[in-house]
Structures are given as structure tokens and as C-alpha cells.
Amino acid sequence: MIYDEPRTMPGGDRYMLLEFGNEMNLELNFLAQGLAAAIAAHRIKGVVETAPCFASLLVHYEPEDISFADLKAELLRLVASLGPSDDIELPSRLFYFPTVYCDPWTRAAIQDYTLKINPDKEYDPAFVARLNGLSGPEQLVRVHSGTEYWVAALGFWPGLPFMMALDPRSVITAPKYNPPRTWTPQGTVGMGGASTAIYPVATPGGYQIFGRIPVPIWDPKRRFPVFEDSICLFRPGDRVKFVPVSVAEFEDAERQVADGTYEYNVVGYQKFSVAQYKSWVASLDRTKRF
Amino acid sequence: MIEVLKPGLETSVQDFPGRIGFWNQGFPPSGPMDSWSFRLANVLVGNEPGAAGLEAQYIGPTLKFQRDAVIALTGADMGAKLDGMPVPLWRSVAVAAGQVLVLGPARGGTRCYIAIAGGIATEPWLGSRSTFHQAGVGGIEGSALKVGHVIPVGTGHGVAGREVKENARPPIRTDKRWDIEVCAGPNDDWIDAAGQARFLSADWKLSAKSNRTGFRLEGPEWTFAEKATNKPPEHGSLPSNIIDHGYPLGAINLAGQTPIILVNDGPSMGGFINPYTVPSAAFWKLGQSKPGDIYNFKQISVDEAQAMVRAMKAICTEASIV
């Protein structure tokens with residue numbers, strides 16, 4: 001559901017959360033990204049920073065400079081001034097990542113969690129496959145790697161991408177861990193809700209995990225040229241494709257990363273057209289799976 | 001320059017308000033957990049309230065001063081001694097080159113702040129000197145203090161013998177119980193009326209599994225409103241699951257049944273609801289409590305939370321010094 005008027009909610013003395021709807025679709029992310037850009041362009045006094053996500057925008061404000069009520073009025077005015085998303089056409093890089101699915105490292109993290117925290121936890125790839133009516137981990141790999149992913153937001157940890165499957169035939173959903181894991185291997189690929197993410201470093205986490213990439217997605221030392229502009233690899237509007245590989249290929253790429261010879265596989269000549277994307281999606285049979 | 005002889009349990013360089021403006025890339029502000037004590041330490045030695053200083057947690061460091069300095073200690077009492085002589089809290093103190101400052105375990109509070117006239121002069125990273133050591137950025141080599149680190153200090157004009165007025169100091173509790181203010185929202189409407197009443201009346205114990213990213217709480221089960229269970233599948237199937245969204249700092253983040261208060265080094269986004277938020281002016285209480293302590297939450301309005309932060313800012317000034 002997309003709300004007729006965005007909902008605003010307070011978060012303590014200096015945050016406002018603005019929700020556009022309660023579903024995940026690209027349209028809502030375009031709205032959130034568009035509003036963040038409009039806020040930046042209009043330099044609203046009292047807005048310290050914003051954090052757009054799939055269907056919402058968090059605003060950090062300074063209450064000495066703007067009240068909650070005035071901020072709400074300003075933001076709703078800006079939302080009304082945003083044009084239709086069909087007009088959006090934006091540069092969108094495409095990143096290919098070698099990915100080991102059902103890998104030994106996330107399996108070890110899951111086993112550790114099962115041992116120490118929740119003995120009833122089912123092996124994540126089997127669990128996600130079962131919940132989504134897939135035949136098993138093999139089909140999960142086929143479905144999950146069968147689409148490009150849209151980088152909708154960065155957050156949770158520096159450089160961590162929150163991504164959505166662009167192909168509706170690859171959309172799957174999963175609950176999050178209860179309680180969360182205390183650690184997750186660096187480079188882990190996982191999902192929660194309908195969101196896929198890559199863990200930039202070893203951190204706690206709540207997503208179901210079932211794969212791992214050997215490539216850094218943030219680099220405070222800027223060892224690779226792709227980090228020239230930012231120590232975070234991704235920008236909202238980038239796309240990601242996971243390419244299933246073997247453990248041996250993973251370890252080979254890992255060695256190249258270690259000695260600095262790894263070449264990021266990035267496609268940089270494409271634009272993403274919202275109108276064309278929508279007409280392509282409309283042509284698909286959304287009930288089909290790969 | 002100050003040489004680290006012993007690092008203490010986890011002592012780090014912090015400034016206030018920290019690394020602001022990178023929440024949309026996932027960088028937390030970091031900074032001191034008890035910014036009330038921290039700012040007053042700076043004011044005592046003649047620094048700007050937000051200048052970089054040290055935050056010592058649980059067990060303090062041993063530091064050797066390589067040149068004369070004026071310092072101030074605030075917050076938790078770590079039984080500080082300078083060349084064996086006790087050092088008072090809440091008072092600026094002259095230190096001569098070669099003297100050694102020894103801090104021990106915290107008693108009465110958890111975090112002690114050390115300000116040095118001139119401030120710590122490490123290289124800022126993304127606009128702040130604050131250490132975010134879990135990601136290896138800021139501070140000294142991106143980590144908490146280690147033996148052998150040398151802390152650079154700027155030029156200051158501190159005066160010894162200045163003191164913070166009694167009534168301007170944070171009332172650090174020693175009875176292991178804390179009344180913590182909370183504001184409802186953003187997702188309080190995902191909790192049913194019984195659950196909201198239970199949250200505000202229960203004893204919540206601070207878990208040992210807590211650090212500068214999150215404070216885990218142990219307490220009663222949560223119960224949920226209809227919108228938490230009847231929702232589109234992309235939220236995730238558990239009642240506390242929501243489409244990933246930005247997290248306010250201070251949010252009481254409900255991960256399954258475990259509430260985690262997101263503090264200074266916390267995550268910027270995720271897929272759990274945040275029924276309540278601890279306002280910034282109450283963070284000092286989190287910073288001075290320790291695992292096993294009991295929290296009782298008291299709901300206040302956003303206006304009241306904003307008035308608290310204004311009042312605290314006014315306290316953290318020269319007006320509080322005698």
C-alpha cells in the first residue's frame with residue numbers, strides 16, 4: 001500500500017521518520033531518494049542529514065532551528081513538488097560479484113548460532129527455500145542469482161547495500177533472525193524481508209545468510225581505484241549481479257584482493273530508465289520462477 | 001604528547017557531537033556516551049565543549065605526560081592518581097612533564113572522561129576525531145588505545161583549580177537503578193496497549209552482551225498490535241520485522257523479543273521496529289550504567305525531550321564553573 005499522504009513519526013528529540021507506504025517496490029524507493037535529493041537541494045534550515053531507505057526517509061534535525069511541525073510541513077510540500085517517477089533516467093553502474101552460495105563460512109556461522117543461541121534454527125538456505133515454495137537450496141541459488149539487484153540504500157554498517165531484486169520472478173522473502181546473530185563473516189550475502197544485503201565486515205546481523213563474496217565493498221585504505229570517490233563501493237541506484245562460483249574460484253579472487261591485483265567487474269555505460277523498467281515488468285508472468 | 005603505558009579496558013579518543021552527516025552511508029556519529037560529563041571536562045580545561053578527549057570504560061588507562069598539561073577528569077570515579085596522589089573529579093589539575101596518571105576500575109558510574117587543555121590533536125577522519133573502533137576508523141589508528149600509542153595534544157591555555165558546581169554535575173546513581181526517559185515512536189503503534197504498559201512498568205536489566213553499538217535489555221515478553229502480524233510478506237514474518245528503514249540514534253530496537261538500545265556506534269538502518277526512542281539528553285545515564293543494572297522507562301513528550309537537551313547544553317558551559 002502506498003499512502004495518499006506520507007506518514008511522519010517522531011524518533012526522540014531530533015529524528016523524524018517519514019513513510020511513503022508499507023510495501024517494497026521501486027516506486028517508493030524513487031520517492032525516498034527523490035525527497036532526499038530535494039531536501040539537499042533546498043537546504044532546509046535545521047535539517048542535519050537524511051537517510052532514505054526502501055519506503056521511508058529518516059530525517060535528523062536540529063530542534064533549535066526547526067520544530068517537528070514545521071519540518072513536517074516543509075517535507076510534505078517538497079513531496080508534492082516531486083515529478084512522476086516515469087521521468088527518471090539515471091546512470092546506474094552494474095557490479096558483478098563472484099559468489100559462493102551455500103558456502104562453508106556462512107554454514108559455520110549458522111552452526112555456531114545453533115549451538116550457542118537457538119538450537120531450533122533451521123539451516124538458512126533450506127529454510128528460505130521452504131518458505132518460498134522452492135524445491136531446495138539448489139533452486140534458491142538459481143532464483144536468487146537470476147536477477148540484477150537494485151541498491152536502494154546504504155546503511156546498518158558503513159557501505160552495506162540494501163538491495164531489491166529487479167526481476168519479479170526472483171522476489172523471495174524471509175523473516176529475520178530471532179534473536180540476531182552475534183557475528184556474520186565479512187562478505188556474507190543474505191536476506192531479510194524482501195531485501196538482499198552484503199555484509200561489508202564481520203558484524204552481528206539478523207538476515208538469513210546463504211552466500212559469500214570475496215570482494216571488499218568498503219575500503220577505508222582505498223587500495224582499489226573504485227574507491228577513489230568514496231570508501232563505500234556503492235551508491236543508491238547501482239545494480240548488483242551475483243555470479244555463482246566454486247570455493248576454489250572464491251579463494252583465487254581472495255588472493256587477488258590480498259595482493260591488490262583484483263579487477264572489479266563494473267559496467268559503467270548504462271542508464272536506468274524507470275519507464276522502460278516498468279513496461280518490461282508489466283510484460284512478465286510474475287508467477288513464474290527460474 | 002601523552003604516552004599510553006596501559007590502555008585500560010577500552011579507552012578511546014572521542015569528540016562531540018562526533019561524525020555527523022554520514023548516516024546515509026552507514027557511519028554512526030560515535031562520540032562520548034555521557035556527553036554531559038565529557039563536555040564539562042572540556043570546559044574545565046578551557047577547550048570548546050566538543051573538543052577531542054578520552055573516554056575510559058570500566059577500567060581506566062595509565063598515561064605518561066611528556067610535557068606540562070592541564071587536565072580534568074569527570075564522570076565515573078576510577079580512583080585516579082597522579083604519581084600516587086589522588087586526583088579529584090570535576091576539577092582542573094596541573095600535570096608536570098614526566099608525571100604518570102593511573103586510573104583503576106570504575107566505582108560509581110562506568111565511564112570516566114579525560115580532557116586535556118588544547119584537546120587531542122589526532123588527524124580527523126570524515127570530519128571527526130571520534131573512534132569507531134569496530135570499523136577501524138577515527139581516533140588513533142582506528143582503534144581503542146594500545147600500549148605504546150602516543151596521543152598528540154594541541155596547544156591550550158588551561159587553568160588549574162577550576163571546579164564544576166555541585167548542582168551542574170550529572171547525578172550518577174550508585175544503587176544500580178536508573179529512570180530513563182523515552183519518547184514514543186517511531187513504531188509504538190506496532191505494540192498493543194498491554195505491551196506498551198508492560199514496557200513502561202517493567203524492570204529491564206542491562207545485559208552483559210552490550211557495547212557501544214547496542215545495549216541489550218532483558219525483561220518481559222512483548223505483545224503486538226494487529227499491524228505487526230497482519231502485513232505484507234516483504235516486512236518479514238515475525239511481529240517485530242518491518243521493511244528496512246532508517247534508525248534514530250537511541251531507538252529501542254526490537255529484534256525478535258530482545259530490545260536493544262542503539263547507542264553511539266549503532267547501526268543506521270535495519271529491519272526491526274523501534275517502538276520507543278531514548279532522547280539524546282538521557283544518553284548519559286546509559287553511559288554511566290553497567291550490565292546488571294535495572295532500567296525503568298519513563299515516557300516524555302518530544303517537546304520535553306527537546307527542552308531537556310537545551311537545558312543540558314546550557315549546563316555544559318562556563319556558567320557551571322567556579
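Select Glu64(A) and Lys313(B) in this predicted model: their side chains meet in a salt bridge, 3.4 Å from N to O. The count of salt bridges between chain B and chain A is 1.

Next, show the rest of that interface. Across the interface of chain B and chain A there are 18 residue pairs in polar contact, both residues at pLDDT 80 or more. On chain B, colour strand 12 (177-184), strand 15 (241-246), strand 18 (269-277) and helix 5 (302-315); each supplies at least two residues of the side that touches chain A. That side of chain B divides into 27 nonpolar, 22 polar and 5 charged residues.

Now select by contact: 54 residues of chain B are in contact with 52 residues of chain A. The two chains bury about 4,200 Å² between them, with 63% of it on carbon and sulfur atoms.

Show Trp23(B), Met33(B) and Trp36(B): they supply 35% of the area that domain 1 buries against domain 2, more than any other three residues.

Last, select Arg212(B) and Glu55(B), whose side chains meet in a salt bridge at 2.8 Å, N to O. Among the elements giving two or more residues to the domain 1 side that touches domain 2 are helix 1 (35-44) and strand 3 (53-57) of chain B.

Conventions: Residues numbered from 1 in each chain as written. Chains lettered and ligands numbered in written order. Predicted model: local features only at pLDDT ≥ 70, side-chain atom pairs only at ≥ 80, totals over all residues. Heavy atoms only, no water. Contact = heavy atoms within 4.5 Å. Buried area = accessible area lost by both parts, 1.4 Å probe. Salt bridge = Lys/Arg side-chain N within 4 Å of Asp/Glu carboxyl O. Polar contact = N/O pair within 3.5 Å; in protein donor to acceptor, adjacent residues only side chain to side chain. Helix = DSSP H or I, 4+ residues; strand = E, 2+ residues; numbered from the N terminus. Nonpolar A, V, L, I, M, F, W, Y, C, P; charged D, E, K, R; others polar.
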